[in-house]
Amino acid sequence: MTVADNTIDLGDQASFTGLRALGRGPLIQYTWIYEHPVDLDGLRRLHRNLGSGGLLGRRIERSPLPFGRHRWVRSTGPLDLDIATETRPVAELNDWINERAYIPVDPEYGPPWHLGVQPLEGGGAAVSLVASHTVGDGLAVTEAVTEAVNGEPRDLGYPAPGTRSRRQALREDLRQTVRSVPSWFKAVVGAVKIARDQKGDLAASAKSVKAPVSSGITTPVTPPFVTAHIEIEEWHQRAKALGGTSNVMFAALAAQVGQVVGRLGDDGRAMLSFPVNIRTEGDTRGNALSTITVMADPEKVSTDLSELRGDIKRELAGVDEWTRMMLTPLPLTPLVPKFAVRRLEKMVLKVGKPIGCSNLGLFPAAFNRPDGTDADNFHARLVEPGLTPVDLERLNGHLFLVLCQTPTSIIVTVTAWEPGESNTKAALADSTRKALDELGLTGTVD
C-alpha cells in the first residue's frame with residue numbers, strides 16, 4: 001500500500017477557496033458513446049472501483065482553524081450508478097450531457113463525482129462522468145478511470161472522515177501553521193514581485209477590452225458546446241503542410257474559432273491560454289498544472305504555423321521558471337479571506353479575452369472501456385454550472401476548447417458564449433465548421 005500525506009496541496013486549497021468564495025467552480029465531464037447497449041455490470045464495477053481508491057476516491061475535510069491546511073479523507077462517491085429509465089433520441093444527447101453537469105458534486109460534502117447512463121433510441125447508450133476540478137484535473141480523472149477500469153485503484157492510505165478529534169485536529173494544525181510562518185514572508189515578497197512584473201501587461205490587456213453592456217440577467221445559463229471529429233491522418237498531414245505539429249494545429253483552430261466568434265483583441269490577435277501538465281509519477285495533487293499564454297494571428301495561422309510554433313515552443317521552454325514564480329505566493333492561501341478572492345476575480349476577469357486550449361492528448365486504451373468494452377466515441381469538456389449572463393459579461397465572454405485523441409480521430413469540444421450574440425448550438429457549430437475550413441480541414445461537427 002502506498003501511503004500519501006493527506007494534507008492537500010496549496011494549489012488545491014486555492015481551488016477550494018475560490019469555489020467557496022464564488023459559490024461555483026469548474027467541473028470535468030467525460031462522455032462515452034456506445035452504438036450498442038452497455039454492460040451495466042461492467043459500469044457498476046467501474047463505479048465501485050472509482051470510489052474505492054485513487055484520485056477520485058477522496059474528498060476534502062476542512063481544518064478547524066480558519067487559517068489551517070485542509071486534508072484529504074476517503075470518499076466512496078455516490079451510492080450507485082445512475083441509470084435513466086427511459087430512452088432518448090440521439091438528437092437530445094447534448095441536452096442530457098448538460099443535465100448531468102448540473103447534478104451537484106462537491107469536493108467537501110460529496111459526492112465529488114457521479115456516473116450516469118442514458119440508453120439511446122436505436123440501441124445505443126451514453127455514459128457520463130462528472131468530477132469536481134478541485135478533486136482532479138483532466139489527467140488526474142483520466143488516471144483514476146484507467147486504474148478503475150483495470151481493477152487496480154490505488155490505496156492512498158487516506159483516513160476515514162472524522163478520524164481526528166477536534167482537539168487533535170486543532171493541535172496538529174496549529175503546529176503545522178506555526179511551521180509555515182517563515183514561508184509567509186517569502187510568499188509576500190514573491191506576490192509583490194509578481195504584481196510589479198505583471199502590472200504593465202495587465203494594464204495593457206485591460207485597456208484593450210471594451211466593457212460589455214450588462215444584461216442584468218442573473219439566472220444561470222449553460223453555454224452551448226459542439227464536438228468536432230477530424231480524421232487523425234488528415235489532421236497530422238495538414239499540420240505538417242503548414243509547418244506545425246498537432247498541438248500547434250490545435251492552437252491554430254482555437255485562434256480561428258476566436259476570430260469567427262469575434263473573440264480577438266484590438267490588435268486582431270487571439271489570446272490563447274494553455275494548461276501545461278506538471279504531474280509527476282505518483283503525484284496525488286488534484287491539480288498539477290501550470291499555464292502558458294500565447295498570442296496568435298488568425299490571418300497567419302491559416303497558411304503558415306511556423307511563427308505560432310516558435311512562440312509556443314518559447315513559452316514552454318520558460319514554463320518551469322514561470323511555474324516557480326507563480327507558486328511562490330501560494331503559502332498565503334489559507335490566510336486569504338473570501339471577499340479578497342471575489343475581488344481578485346473581478347480584477348482578473350477584466351483582463352483580455354482568453355481562449356482556453358486544453359490538449360489532453362492520446363488516452364490509455366483502458367480509458368475508453370468504461371464498461372469493459374471499447375466505446376465508439378468519447379469527448380471531454382470543462383463546464384461551470386451556475387454561471388449567469390452577468391458573470392459571462394464580466395468574463396468578457398467565454399471560449400474553451402478541449403482536444404482528445406484516439407488512434408483514428410482528433411476530437412475537439414468547443415464551448416462558447418459571447419455577450420450580445422445569439423449563443424446557440426447551431427451558431428457555434430457553424431462557427432466551428434468555418435474555422436476548420438479556414439485551416440483546410442474537413443470533419444463532422446455534432
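1. A salt bridge is taken here as a side-chain nitrogen of Lys or Arg within 4 Å of a carboxyl oxygen of Asp or Glu. In this predicted model, the side chains of Asp-311 and Arg-314 meet that criterion, with an N to O distance of 2.9 Å. Both residues belong to helix 9 (residues 306-317), and because they are 3 residues apart, about one helical turn separates them.

2. The search of the whole structure finds 23 salt bridges.

3. Another of these pairs is Asp-137 with Arg-279, whose closest N and O atoms are 3.0 Å apart. This pair links distant parts of the chain, 142 residues apart: Asp-137 lies in the loop between strand 6 and helix 4, and Arg-279 in the loop between strand 8 and strand 9. Both Asp-137 and Arg-279 are buried.

4. Glu-92 and Arg-88 form a salt bridge as well, at 3.3 Å between the closest N and O atoms. Glu-92 is partly exposed, with a relative accessible area of 31%; Arg-88, at 17%, is buried.

5. An open sheet of 5 strands shows mixed pairing and the order 4-5-6-1-11. Its edges are strand 4 (82-83) and strand 11 (377-383), each of which pairs on one side only. Strand 4 runs parallel to strand 5 (residues 113-119), and 2 bridges join them; Ile-83 stands opposite Val-117 in strand 5.

6. Helix 2 (residues 40-50) packs on this sheet and touches strand 4, strand 5 and strand 6 (125-132), its direction making about 170 degrees with that of strand 5. Helix 4 (residues 138-149) lies across strand 1 (27-34) and strand 6, at about 45 degrees to strand 1.

7. Strand 8 (residues 270-277) and strand 9 run antiparallel and are joined by 8 bridges. Leu-272 has Val-294 of strand 9 as its bridge partner. In strand 9 (residues 289-296), Ser-290, Ile-292, Val-294 and Ala-296 make up the covered face, while Leu-289, Thr-291, Thr-293 and Met-295 make up the uncovered one. In a regular strand, side chains alternate between the two faces of the sheet.

8. Phe-67 is located in the loop between strand 2 (58-61) and strand 3 (71-74), and its 32% relative accessibility classes Phe-67 as partly exposed.

Key
Residues are numbered from 1 along each chain as its sequence is written. This is a predicted model: local features need pLDDT of at least 70, side-chain atom pairs count only at pLDDT 80 or more; totals for chains, interfaces and linings use all residues. Side-chain values use heavy atoms; hydrogens and water are left out. Helices (H or I, at least four residues) and strands (E, at least two) are DSSP runs, numbered from the N terminus. Buried means under 20% relative accessible area, exposed over 50%, partly exposed in between (1.4 Å probe, protein chains only). Two strands pair if DSSP finds at least two bridges between them. Contact means heavy atoms within 4.5 Å. Axes are lines fitted to C-alpha atoms, for helices over the stretch in contact, and angles run from 0 to 180 degrees between N-to-C directions.
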